[in-house]
Amino acid sequence: MVDFGGWDMPVQYPAGTIEEHLRTRTHSGLFDVSHMGEIEVRGSDAILFVNRITSNDVTKLVDGQAQYSALTTPFGTVIDDLLVYRFSSHHLLLVVNAGTTEKDWDWINSHRANETVDLTNVSSDYCQLALQGPEALGILQKLTDLPLAEMKYYHFSPGTVDGVASIVSRTGYTGEDGFEVYAPAARAEQLWNQILDAGNAGSNTGVLPCGLAARNTLRLEAGLALYGHEIDETTTLLEANLGWICKLDKGDFVGRQQLVQQKEEGVRSKLVGFEVTERGIARDGQDVVINDRKAGRVTSGSPAPYLKKNIGFAYVPAEFASAGQEIKIDVRGRLVSAQVVKTPFYKRHR
């Protein structure tokens with residue numbers, strides 16, 4: 001157990017990180033992500049307000065749809081990445097990272113203008129359980145009447161899970177198909193146990209409870225950014241290859257002008273994926289060396305259990321960001337060879 005954003009969180013369960021990772025890829029894994037923050041936005045200007053403080057285009061959402069987006073600074077850098085859930089034109093739910101919940105809450109409140117909106121930090125009201133993997137649908141369907149197979153990716157629906165009023169969304173952070181269940185915090189233990197039972201927990205092919213370490217290796221294989229590593233208040237969305245959630249033509253939003261300028265001028269630094277090509281494991285914070293000079297830093301590095309490779313993310317000068325570029329990673333004083341590759345490293349084929 002470790003401190004994570006002020007929460008006591010499991011790094012791994014008895015099966016261990018590698019088995020948790022592989023089970024999620026091949027069968028299913030269950031993650032307790034109740035540490036995530038939730039901020040409710042209600043009022044006639046809910047969409048107008050959230051559209052002004054986030055980078056993606058909230059006006060494109062329909063009821064029952066979710067969207068990946070970011071809160072941006074005036075410099076186009078990232079306060080936090082988040083999910084925006086649209087319940088109606090008057091009701092949105094923002095799901096933010098645990099370690100930044102209070103910062104996000106203060107930022108959002110400080111950027112209120114004349115919009116008619118009511119903001120409520122409802123983080124303590126919810127538990128959030130993420131069931132991920134190719135068998136997630138079949139397992140969760142045993143506990144709900146919602147037609148899960150009909151639910152599109154990044155859509156959601158209110159309903160009941162094991163008789164508990166919940167919100168079920170087809171979202172996740174592993175690169176697999178799966179669902180996230182939001183429910184009253186007091187019912188977390190009930191739902192956790194019932195989902196494990198429904199997935200025949202403990203068998204060699206059943207669902208496994210998974211900790212932070214597997215969540216990290218899964219998202220890295222899937223090429224997903226982690227706040228505080230790939231994105232933060234020093235990196236812009238364009239540098240982090242998140243231009244696809246940066247809708248510069250939607251109208252004004254915080255940081256838009258700087259992002260427009262950066263797009264016109266081109267980024268100087270760019271986030272790349274890399275694969276280590278000799279013995280050695282790259283780790284977070286290690287230096288990237290190109291042409292015998294320090295040229296960047298590793299933001300995330302780890303063995304990839306499913307791919308059986310050592311992979312990572314790093315920021316490098318834009319001229320060295322093409323796939324095939326040879327780089328070196330300073331692993332405790334030893335320069336280890338690596339190569340820039342396209343991401344995601346892993347993509348499901350089903």
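Helix α2 (residues 46-53) lies across β4 (37-42), β5, β6, β7 and β8, and runs at about 30° to β7. Helices (H or I, at least four residues) and strands (E, at least two) are DSSP runs, numbered from the N terminus; axes are lines fitted to C-alpha atoms, for helices over the stretch in contact, with angles from 0 to 180 degrees between N-to-C directions. Contact means heavy atoms within 4.5 Å. The model is predicted: local features need pLDDT of at least 70, side-chain atom pairs count only at pLDDT 80 or more, and totals for chains, interfaces and linings use all residues. Residues are numbered from 1 along each chain as its sequence is written, and side-chain values use heavy atoms, with hydrogens and water left out.

**Sheet**
- The open sheet has 5 strands in the order β5-β6-β7-β4-β8, with antiparallel pairing (two strands pair if DSSP finds at least two bridges between them).
- β5 (65-72) and β8 (118-121) are the edge strands, each pairing on one side only.
- From one strand to the next, the twist averages 25°.
- Strands β6 (residues 78-88) and β7 (residues 91-96) pair in the antiparallel sense over 5 bridges.
- Arginine 86 has leucine 92, in β7, as its bridge partner.

**Whole chain**
- The protein chain comprises 7 helices and 19 strands.
- Of its 350 residues, 56% count as buried (under 20% relative accessible area, 1.4 Å probe, protein chains only).
- The C-alpha trace spans about 60 × 55 × 35 Å along its principal axes.

How values were computed. Buried means under 20% relative accessible area, exposed over 50%, partly exposed in between (1.4 Å probe, protein chains only).
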